[in-house]
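Take a brisk walk through this structure with a few questions in hand.

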Amino acid sequence: MNNIYNTFIDEIEKLKKDKNVKSIIHVGSSKDKIDNNCKINDIDLFIIVEKQEENQIRKIEKINEIEFDFNYISLDGCYEFINNKTYFFLKIKDGKLLYDENNIGRKIMLLCEEKYKEGPNKISIEDKRFQAIQLLDDISRLKNKEEYDKFEYDFLFYMYITKLIRMYYVISDTWTPKDKKLLKSLKKQDFTLYK
């Protein structure tokens, strides 16, 4: 048996024994790769708990050379994140349900899917215009390349490019993906702009 698979199963079983744990949802790139022959190095889990002091407590642990990213979310926190349309949380709609007491996780995933389909909270045309003008003003400062050290110029250039891509999503009233997925998402959304 694969060590990764055994470690994964052991951790899920430990979590299930905790009476406070109501649901376990596997998210991220490894969610469809866990089997006896898997080769992964990190596992992301959302653990819905009945009660805890904070809405979210994140713990990253290395167990048998596998990095586990445990996100403990209280029930109250779940509903707050859903009502506020918190992007990272709504993405659990795509997760894999591993454990579910009284369909709590399933209901939360369905609510997340409904909220996600509504799209992000819209901002006014005036606010969009203001943000765009501010960004264009920032970018225009880069015309005088000689005023910057090379490192500083490159840093600002890449920061503004990231902001520019994020602005595309804001103006389009669509969800802005995580920074590490910005380019992949843009390539799917608007190939011409991506090029």
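Which residues does Lys93 touch, not counting residues up to four places away in sequence? They are Met109, Cys112, Glu113 and Tyr116, where contact means heavy atoms within 4.5 Å. This is a predicted model: local features need pLDDT of at least 70, side-chain atom pairs count only at pLDDT 80 or more, and totals for chains, interfaces and linings use all residues. Residues are numbered from 1 along each chain as its sequence is written, and side-chain values use heavy atoms, with hydrogens and water left out.

Lys93 sits in the loop between helix H3 (87–90) and strand E5 (96–100). Helices (H or I, at least four residues) and strands (E, at least two) are DSSP runs, numbered from the N terminus. The Lys93 side chain also makes a polar contact with the side chain of Asp94, at 2.7 Å. Such a contact is a pair of N or O atoms within 3.5 Å; within protein, one must be able to donate a hydrogen and the other to accept it, and residues adjacent in sequence count only if both atoms are side-chain atoms.

Cys112 is buried, at 0% relative accessible area. Cys78 is buried too, at 0%. Buried means under 20% relative accessible area, exposed over 50%, partly exposed in between (1.4 Å probe, protein chains only).

Last, helix H6 (residues 150–172) holds Ile161. Ile161 counts as partly exposed because its relative accessibility is 33%.
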